[in-house]
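Here is a short briefing for a first look at this structure. Please keep the sequence and the 3D view open as you read.

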Amino acid sequence: MRSIIRAGGLSVLALVVAVPLLAATPAVAQQSPVPFDAQRGVFTFATGLERALPAVVQVTTLGQSEGPSSGDNEPRTISSGSGAIIDAREGIVVTNNHVVEGGRKFTVDMTDGRIFDAVLIGTDKATDLAVLKIEATGLSQIEVVNSDSLRTGDLAFAVGYPLGLDQTLTMGVISGMGRSGMGDRIEDYIQTDAAVNSGNSGGPLLDSRGRLIGINTSILSGGGGGNDGIAFAVPSRILMYVVAQLRENGEVRRGVTGAILGSLNAQRSRDLGLGIVRGAVIEDVAPGSSAEAAGLRRGDIVTRIQNRPVSNAGTVAATIGIAAPGAQVEVVYLREGREGRTTLTVESPSERLVSVGPEAVMARGAAMRAVADGLQVFSVEGGSAAAAAALQAGDLIRSVDGAPVSDLGSLAAALDGDAGRTLSVTRGGETVEIVLP
């Protein structure tokens, strides 16, 4: 688990008032909001949850062996986490990318004591998800429901293999929805206070009927690395799209709109004279893009997308990122204090590897603009190639693959294409080499 530093009942007091008796009224039995096991005389959620538990597995990732000189030629364990079987017939297991990252071999341990080698189908760093496949019979699977039906206050159950323990179930509530700022590119997390610790990564977050609503991915810790009652899960709405893409293509192909976005924060809100601190700022719009066709302009503040409130640029990326090319996306925005509405058409990502606007360029997860000192990075998306290369906001780009770049046009041309690029940047008065994958 990543630590982000990134027969009983209720007594009822009734007041009886004398009124004329009009008609006999049949007694209506009040059903308890919590399932009750009359045979054992206890309240319990076990019936619904027990159906899901056999489909929660332990995932072990093995890496490079110590080598012949050490006398140990077997791959060594580099990480361990949890996973959920969502397709028993095909043996499909979903877990976190950070659980399998860097692995050469993977094993899946079942609750019935069986262990299977697993094949990695694909990973998606932007959502921290991965899909494994095992060849096995007699598997169980978890029913998946749409996370959009969740409400703050709903009960939630986290299942996994934390801290070296066997399968463990914890209970809490849905603490919030649409959380972001954890460092991934596509962020629209479910927040829960169900206890989640190291080893829970990749395990399911269940509702009170034992249905999968998300995959546990990270915790927010006060510094000790333990559980502080703030955990985050990738919602099933995003999960199922990513899994389908990985199973079909081995990778996730995300749509684009040509809008270069930044996140609204308190400082930016003051600079723009706004009275809100949540939203996505349109930093620039690529010419000929669907964002331009929709009438969006630099400086617009996106406040809602597909009728969902926008917290920051990650919220917009999460919605666009699971929309098929050609899909229509409804957007609400503010411009000079007035609300506007428009419809964006999602474009295929292959059509636009680099987004170029009049005043900014977006490439490989980094947004750059021309300033007095040169070409400056002003935004880096979490989970992107730029973030993985440790490119930072404020960096001044001097050259790409040894060739100087002096304007946005030359920068866009230098960053276009699938090959890796080496950037020479100035950071804090020093020159730093950045290798973009």
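A polar contact is a pair of N or O atoms within 3.5 Å; within protein, one atom must be able to donate a hydrogen and the other to accept it. The model is predicted. The points below go topic by topic.

**Threonine 127**

- Threonine 127 sits in the loop between strand 8 (115–124) and strand 9.
- Is threonine 127 buried or exposed? Its relative accessibility is 1%, so threonine 127 counts as buried.
- Beyond its neighbours within four places in sequence, threonine 127 contacts Ile186, Val234, Ile238, Val242 and Arg254.

**Alanine 318**

- Alanine 318 belongs to helix 6 (residues 313–320).
- Its relative accessible area is 0%, so alanine 318 is buried.
- Which residues does alanine 318 touch, not counting those up to four places away in sequence? They are Ile186, Glu187, Asp188 and Ile238.
- Isoleucine 238 is 80 residues from alanine 318 in sequence. In space, the C-alpha atoms of alanine 318 and isoleucine 238 are 7.7 Å apart.

**Salt bridges**

- How many salt bridges does a search of the whole structure find? The search finds 19.
- Side chains of opposite charge can pair when their charged atoms come close.
- Lysine 133 pairs with glutamate 90 in a salt bridge, with the closest N and O atoms 3.3 Å apart. This pair links distant parts of the chain, 43 residues apart. Lysine 133 is in strand 9 (residues 129–133), while glutamate 90 is in the loop between strand 5 (77–87) and strand 6 (92–96).
- Lysine 133 is partly exposed, at 21% relative accessibility. Glutamate 90 is partly exposed as well, at 26%.
- Glutamate 283 and arginine 268 form a salt bridge through their side chains, at 2.6 Å from N to O. The two residues are 15 apart in the chain. Strand 17 (residues 280–285) holds glutamate 283, and helix 4 (residues 266–272) holds arginine 268.
- Glutamate 283 has a relative accessible area of 4%, so glutamate 283 is buried. Arginine 268 is partly exposed, at 22% relative accessibility.
- Glutamate 359 and arginine 298 form a salt bridge, at 3.6 Å from N to O. This pair spans 61 residues and joins two loops. Glutamate 359 lies between strand 22 (354–356) and strand 23 (361–363), and arginine 298 lies between helix 5 (290–293) and strand 18 (301–305).
- Glutamate 359 counts as partly exposed, at 45% relative accessibility. Arginine 298 is partly exposed, with a relative accessible area of 45%.
- Asp148, Asp188, Arg237 and Arg308 form one network, joined by salt bridges that share partners.

**Helix 8**

- Which residues of helix 8 (residues 408–415) are buried? They are Leu408, Leu411, Ala412 and Leu415.
- Seen down the axis of helix 8, these buried residues fall within an arc of 100°, so they line one face of the helix.
- An α-helix has 3.6 residues a turn, so residues three or four places apart point the same way.
- At the N-terminal end, aspartate 407 caps helix 8. A side-chain oxygen of aspartate 407 lies 3.2 Å from the backbone nitrogen of glycine 409.
- Just after helix 8, glycine 417 has a positive phi of about 100°.

**Aromatic rings**

- The structure has three aromatic pairs.
- One of them brings together tyrosine 189 and phenylalanine 232. Their ring centres are 6.1 Å apart and their planes meet at 50°, so the pair is tilted.
- Tyrosine 189 is in strand 12 (residues 189–192), and phenylalanine 232 is in strand 15 (residues 231–235). The pair links distant parts of the chain, 43 residues apart.
- Tyrosine 189 is buried, at 1% relative accessibility. Phenylalanine 232 is buried too, with a relative accessible area of 3%.
- Arginine 369 places its charged end over the ring of phenylalanine 378, 4.3 Å from the ring centre.

Conventions
Residues numbered from 1 in each chain as written. Predicted model: local features only at pLDDT ≥ 70, side-chain atom pairs only at ≥ 80, totals over all residues. Heavy atoms only, no water. Salt bridge = Lys/Arg side-chain N within 4 Å of Asp/Glu carboxyl O. Helix = DSSP H or I, 4+ residues; strand = E, 2+ residues; numbered from the N terminus. Buried < 20%, exposed > 50% of the residue type's maximum accessible area, 1.4 Å probe, protein only. Contact = heavy atoms within 4.5 Å. Arc of directions from axis to C-beta. Phe/Tyr/Trp six-rings, centres within 6.5 Å; stacked < 30°, edge-to-face > 60°. Lys NZ or Arg CZ within 6 Å of the ring centre and 35° of its normal.
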